[in-house]
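Hi everyone, thanks for coming along. I'd like to walk you through a few residues today, so please have a look at the screen with me.

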Amino acid sequence: MHRHSTLEVRVRNIIEETSTIKRFTLQAADCSMLPSFSGGSHITTFLPQPSGNLERHYSIFNTTSERGLFEIAVRLAEDSSGGSRYWHQHVQVGDCLSVSYPKNYFPLSFQAKHHVFYAAGIGITPFLSMMAELVDKNGSFELHYAAKSKEQCAFYDYLRQEFPDQSHFYFSNGEGANRLLPAHLLNHRIGTHVYFCGPENMIQDFKAAAQSFGYPSFHIHLERFAPLAKKEQHAFQVHLKKSGGQLEVPANVSLLDVLLQKGIKVPYSCRVGGCGTCEIKVDEGQIVHFDSFLSEEQHSSQQIMLCCVSRGRGRLVLDI
């Protein structure tokens with residue numbers, strides 16, 4: 001309903017959580033209350049650039065005692081393509097920005113008897129709102145959170161204060177280093193749902209371990225910051241069945257961007273293959289999937305694809 005709507009917000013506060021992570025508190029520019037949101041929700045921020053708005057997605061939470069605020073945390077990425085650098089170097093208290101309404105593609109499972117969150121680094125952010133929601137619902141949960149050190153562990157004091165019995169920390173540097181390992185997954189009781197968020201190698205390792213330990217696929221939940229690394233970056237062609245058009249998709253450009261550049265309206269949201277919004281039907285051709293949304297059966301069917309991340313080999317015929 002709010003796909004094309006935006007909210008105008010003002011930066012109320014900025015806190016340096018660590019040397020590389022800043023927390024931004026956003027309030028409505030007109031001082032009204034921002035919309036409520038569920039655990040795991042995110043917003044898209046629209047950052048002004050000379051070439052147009054730069055869209056970036058961030059999990060939202062609210063660690064304050066005041067309702068109607070959004071908080072986001074941004075890690076300054078070494079290979080930033082502009083988003084994190086903009087937040088860290090240009091955004092000041094009092095600045096006004098446009099953001100989307102909250103969306104949630106990483107919700108809590110209503111079927112879980114126990115929730116276990118595995119986070120590394122900035123991957124803690126979606127779990128902040130999830131844990132707050134579970135406290136309100138008297139839900140059962142625990143957190144396992146990895147960082148290089150206590151000093152590099154964002155929200156360390158907050159987590160120890162708010163969730164002292166549920167939070168477990170793993171610091172990989174210094175004396176007594178204690179690493180977070182996939183073997184921890186063996187300790188959970190039947191009915192547990194596990195949630196992963198962090199660097200891609202961490203997600204891959206924990207997902208593979210959970211599958212090998214016998215967790216049902218619907219007990220495993222994950223959220224990625226970026227699309228899966230593409231081993232195949234070749235160009236391919238698409239034929240648009242309904243309009244009759246032919247398009248070339250260059251090796252370094254997504255099918256979604258090519259369609260949008262040609263004025264073809266395709267709904268989209270996350271751009272990392274995690275939400276399914278940009279799903280399109282494929283009549284012919286071989287799809288190379290890079291999403292984390294479709295099931296293995298849907299991948300094997302070769303009949304649908306998420307055009308934000310997945311690609312074709314040779315020529316695809318799209319049902320658009």
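Let me start with a question: which residues does H221 touch, not counting residues up to four places away in sequence? The answer is F106, S109, H193, V194, Y195 and F196. Before we go on, please keep in mind that this is a predicted model.

So where does H221 sit? You'll find H221 in strand β11, which covers residues 220-223. H221 counts as buried, because its relative accessibility of 17% falls under the 20% cut-off.

Now let's turn to backbone angles. As a reminder, most residues other than glycine have a negative phi. With that in mind, take a look at F155, where phi is positive, near 65°. F155 belongs to the loop that runs between β8 (141-147) and α3 (156-162). Is F155 buried or exposed? F155 is buried, because its relative accessibility is 2%.

My last stop is Q302, another non-glycine residue with a positive phi, here near 60°. Q302 is in a loop too, this one between α6 (296-301) and β15 (304-306). As for accessibility, Q302 has a relative accessible area of 25%, so Q302 counts as partly exposed.

Terms used
Residues numbered from 1 in each chain as written. Predicted model: local features only at pLDDT ≥ 70, side-chain atom pairs only at ≥ 80, totals over all residues. Heavy atoms only, no water. Helix = DSSP H or I, 4+ residues; strand = E, 2+ residues; numbered from the N terminus. Buried < 20%, exposed > 50% of the residue type's maximum accessible area, 1.4 Å probe, protein only. Contact = heavy atoms within 4.5 Å.
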